[in-house]
Amino acid sequence: MSRLINKLLLAGLLEEMARSKSRHRDDDDKKEAGSITYTDDKVPVKTLYVSGIKSFISQDDLEQYFRGQGNLTKLVLHDKGDYKYAFVTFSTYEDATKVVKKRTHHLKRSKLRVRPADTWHQPKESIPQSEGNSPEDVQEAGASSNESETWSYDENTPSLMMLNDDCLLYLLEFFNVLELVKMRGICSRLDSLIEIFCQKYVNFSFETLSLELPTELTLMNARDILTFLGPIMKSLKIDGGDFSENSNPNRTIDWIVRYCKNLESLELENFTLNRINLKKLTPVIQKLKSLSLGDSTKVNDELGSCLNRAEQMEELIISGNWEITGKCLTKAKNLKTLSVNCCGNLQSKPFKEALKNNLTLKKLEIRRCDKFDDTVVNCIVEEVKEIEELSLSNVYQCMSNYSRFAELPHLKKLSVEFHSFASIDNLLEKLSEKSILEELNYIGSSSNAVDKTIELISKITTMKNFSMAFNSNISDNDLKRLQNLAQLESLSIPGASNVTSDGLLKLLSACKNLHYLDISQVKVDIDFLEKVVQMWRLSQNRPKLQLIVYETNIQEDSEEVDKIQKENLNNLRLSFVPKMLNTHQFMFTGSDMDFSEDDEDFDFDDDEDDDYDEEDFAPPWEVYGDQWWDSDDSDKYMYGWGQYSGDRSPVAWFEN
């Protein structure tokens, strides 16, 4: 129903737009899709972007050349001193397409690079009226129109704009942010309401938007949103993988720098942060409190030049990186949270130096950093004593003394993920002696015996939250041991197929503070649910219980279940969706970037929308040589890249 309302409202508002601002497109310009070129936003192309222009090539040379290619209407040449670029506009879409499809362009023995210009550089008559408007576009439109052109309607004709502000603000709830941006420019009143409504996007994620769109994100979408919402954003998350195949998400960096002046948190995934982009981002990063560089974001130790100036930064997260050795981390100071996940070349020596520079750390996460050794554990325990939250994944392979982490005097939350027969019993035994741990999340091999592990956990009487996922060896006897945890508030045992309803009921009866229970894939049914409800009715002052019953015999579409939920809203909340576990699977597939001579993946635009050609900058394997070796001989492994032959995947691990 809401989807239908959304479509009707959009149709109505676009009709208002058509009344207030009419743009007519000549019928002769309407061509079949196969005969003309389109941008990612499905806008037909008349304007082309030309790069690779040598210093000795003049505007007259360019005009003479492109007049021979088609009916040229406009050519604008930009000379930045060390490089030139131009925008070339033809009178017809067919002429522009013919030029784009031509295999090579040579002028004075110099090769020109020609590609479609971005949507916002196309002639106005090419851009559909429903496309978004940047602040500059709106200002320009306002300057060229009087008040009557901005808005007018016949009082006898029904119109959405006859509604009061409260009604219109309610209607805006049915639109995603991109649709709201496209509505701007209809009239000043609606613009003001959209601006008020969009204040809620202070924390914005393009990932959330991409799930709402029927097609992939384009650069035009990102530009419209960042120019409009950028000034109010405090937190921003962008995943380059959400953009259309032909889009280069790295170009959004210019708009982040230009418009997002008040950012406190920035999360980037699938970006390439080379020297140019890091230099651009420095003014943004030095004001951040949190920076997250997610999987497939390519960055090396040059990141340190940014971190050195980031005096306000409290949180740094780096994952899925094979270039950082740790030298950049030594530039960070006074962090409270540090997370390194699947950083295969992160070395012990610089990481220990980074830890010593951040004695204020409260939260530390180490996942699959396979080149670490026991000295890292010693440094954490002996130097960084303020840690309260610690997350470990498969560190048993390189840090055999991980049980020393129990010596941390303020450790309250511990997450351990071991996909092997490795045991954490030694660590738990030491923790049970101190009894300060409040939360434990443990993912281990389902083949491991859990009796001793659960027995040790039951001795940590301060435990409030416990999770042991996907271990079928958990039994009712183990739940009986957990009854000793009088302060237990949350328990997650998804996949514990040997647990019965009786064992769960006895646990619920003993642990009076328990308000969250994840029993996904456990054999419970409607009878168990009725007994739980009865227990809560007879008890006093018990917190509302949330039950996760994914893939159990309790069916979401059952009338009995629906009745129980409605009659016990104050005592029970059921969820049939599994909880997203904090697990990390790593697979390196290599880069899919094409560094051929005519590569267009690395064209970046600066503040004036001119583009850089990445061919002027050496790729990493030229900087480091054909084969790159680890300089830290104290580590067990050295990491090598094979000679470049088109395959940039890791080729081997070499033992010292």
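In α20, Ile526, Leu529, Glu530, Val533 and Arg537 meet Glu560, Val561, Ile564 and Glu567 of α21. By class, this contact between α20 and α21 divides into 5 nonpolar, no polar and 4 charged residues. The structure is a predicted model. Helix α21 spans residues 559–567, and its axis comes within 11 Å of that of α20, with a crossing of roughly 15°. Angles under 35 degrees count as roughly parallel, and α20 and α21 are therefore roughly parallel to each other. The crossing of α20 past α21 is left-handed.

Helix α20 also packs against α19. Here α19 covers residues 501–510 and α20 covers residues 526–538. The angle between the two is about 15°, and their axes lie 11 Å apart. The pair α19 and α20 is therefore roughly parallel as well. In this case α19 passes α20 in a right-handed crossing. On the α19 side, the residues in contact are Ser501, Leu504, Leu505, Leu508 and Ser509. They meet Phe528, Lys531, Val532, Met535 and Trp536 of α20. The contact of α19 with α20 comprises 7 nonpolar, 2 polar and 1 charged residues.

Ser509 was examined individually. This serine is placed in helix α19. Ser509 has a relative accessible area of 35%. Buried means under 20% and exposed means over 50%, so Ser509 is partly exposed. Neighbours within four places in sequence aside, Ser509 is in contact with Met535 and Arg542.

Helix α6 runs over residues 165–172, and helix α8 over residues 188–197. They pack at an angle of about 60°, with their axes 10 Å apart. Helices α6 and α8 are therefore oblique to each other. Their crossing is right-handed. From α6, the contact draws on Asp165, Leu168, Leu169 and Leu172. From α8, Arg189, Leu193, Ile194 and Phe197 take part. The residues of the α6 contact with α8 comprise 6 nonpolar, no polar and 2 charged.

Helix α11 was considered for its burial. This helix covers residues 252–259 and is mostly covered, with 7 of its 8 residues buried. The buried residues of α11 are Thr252, Ile253, Asp254, Trp255, Ile256, Val257 and Tyr259.

The chain as a whole was then described. It holds 22 helices and 24 strands. Of its 656 residues, 51% count as buried. The accessible surface of the chain comes to about 31800 Å². Carbon and sulfur atoms account for 46% of that surface. Contacts were also sorted by separation in sequence. Among those between residues at least 6 apart, 71% join residues at least 24 apart.

How values were computed:
Residues are numbered from 1 along each chain as its sequence is written. This is a predicted model: local features need pLDDT of at least 70, side-chain atom pairs count only at pLDDT 80 or more; totals for chains, interfaces and linings use all residues. Side-chain values use heavy atoms; hydrogens and water are left out. Axes are lines fitted to C-alpha atoms, for helices over the stretch in contact, and angles run from 0 to 180 degrees between N-to-C directions. Helices (H or I, at least four residues) and strands (E, at least two) are DSSP runs, numbered from the N terminus. Angles under 35 degrees count as roughly parallel, over 145 as roughly antiparallel, 65 to 115 as roughly perpendicular and the rest as oblique. A crossing is left-handed if the near helix is turned anticlockwise from the far one by less than a right angle, and right-handed if clockwise. Contact means heavy atoms within 4.5 Å. Ala, Val, Leu, Ile, Met, Phe, Trp, Tyr, Cys and Pro count as nonpolar, Asp, Glu, Lys and Arg as charged, and the others, Gly among them, as polar. Buried means under 20% relative accessible area, exposed over 50%, partly exposed in between (1.4 Å probe, protein chains only). Accessible areas come from the Shrake-Rupley method with a 1.4 Å probe; for residues, only the protein chains shown count as cover.
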